[in-house]
Amino acid sequence: MKPKTAERILYWLLIVMGGMAASAIVPAAMPTRFMVAINDWLGLGPYPHSTLTEYLTRSLSILYAMLGALTIYVACDVRRYRDLLVVMGWLTVVLGAALTVLDFAIGMPARWSWGEGPPTIVVGLAIVWLARRVE
């Protein structure tokens, strides 16, 4: 693959990935009753109403949104952040593996478990592969 092609594909992959993560800002501000409705729709059992649940769901959403914004920023200069992108790619692979183990261990629905961790691993590997081809 030509370096310029790798750079363009990596740019768009990061923009999409960053945009998806940045959209997590929405659940950080949504009313709890919406979270309960989503929980019920997904069939995840009774929603655990507690201060800790509120804190963890909202703070994790904010963290995802922050990382999404950072990913978009890095995407805007792929050449400059090439080495950082290789590290981000490997960390994404580790995240995907950890999410896969966690999802299955805590009994998330199979569609969730297979749809979260393994694709995250693939995206991480794609980031590493593409970043190493950028000049």
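This is a predicted model: local features need pLDDT of at least 70, side-chain atom pairs count only at pLDDT 80 or more; totals for chains, interfaces and linings use all residues.
Local features are taken from residues with pLDDT of at least 70 and side-chain atom pairs from pLDDT 80 or more, while totals for chains, interfaces and linings use all residues. Residues are numbered from 1 along each chain as its sequence is written, and side-chain values use heavy atoms, without hydrogens and water.

**View 1. The chain consists of six helices and zero strands.** Helices (H or I, at least four residues) and strands (E, at least two) are DSSP runs numbered from the N terminus. The order along the sequence is α-α-α-α-α-α. Along the principal axes, the C-alpha atoms fill a box of roughly 50 × 30 × 20 Å. Of the 135 residues, 34% count as buried (under 20% relative accessible area, with exposed over 50% and partly exposed in between; 1.4 Å probe, protein chains only).

**View 2. Y11 and W12 form an edge-to-face aromatic pair.** Rings of Phe, Tyr and Trp (its six-membered ring) pair if their centres lie within 6.5 Å; planes under 30 degrees apart are stacked, over 60 edge-to-face, and the rest tilted. The whole structure holds three aromatic pairs. In the pair of Y11 and W12, the centres are 5.0 Å apart and the planes stand at 80 degrees. Y11 is partly exposed at 28% relative accessibility, and W12 is exposed at 53%.

**View 3. F104 and W114 form another edge-to-face pair.** Their ring centres lie 5.1 Å apart, with 70 degrees between the planes. F104 belongs to helix α5 (residues 82-106) and W114 to helix α6 (residues 110-131), so the pair ties together parts that are 10 residues apart in sequence. F104 is partly exposed, with a relative accessible area of 38%, whereas W114 is exposed at 56%.

**View 4. The largest pocket holds about 1,900 Å³ of space.** A pocket is an open set of points on a 1 Å grid over the protein atoms alone, where a 1.4 Å probe fits, with protein on both sides within 12 Å along at least five of seven lines; lining residues have an atom within 4 Å of a point. The volume is the space filled by probe spheres set on the points, which are joined across faces, edges and corners. Of its 41 lining residues, the closest to the centre are A24, L60, Y64, W112 and E116. Helices α1 (3-22), α3 (32-42), α4 (51-75), α5 and α6 each give two or more residues to the lining, and α4 gives the largest share, 11 residues.
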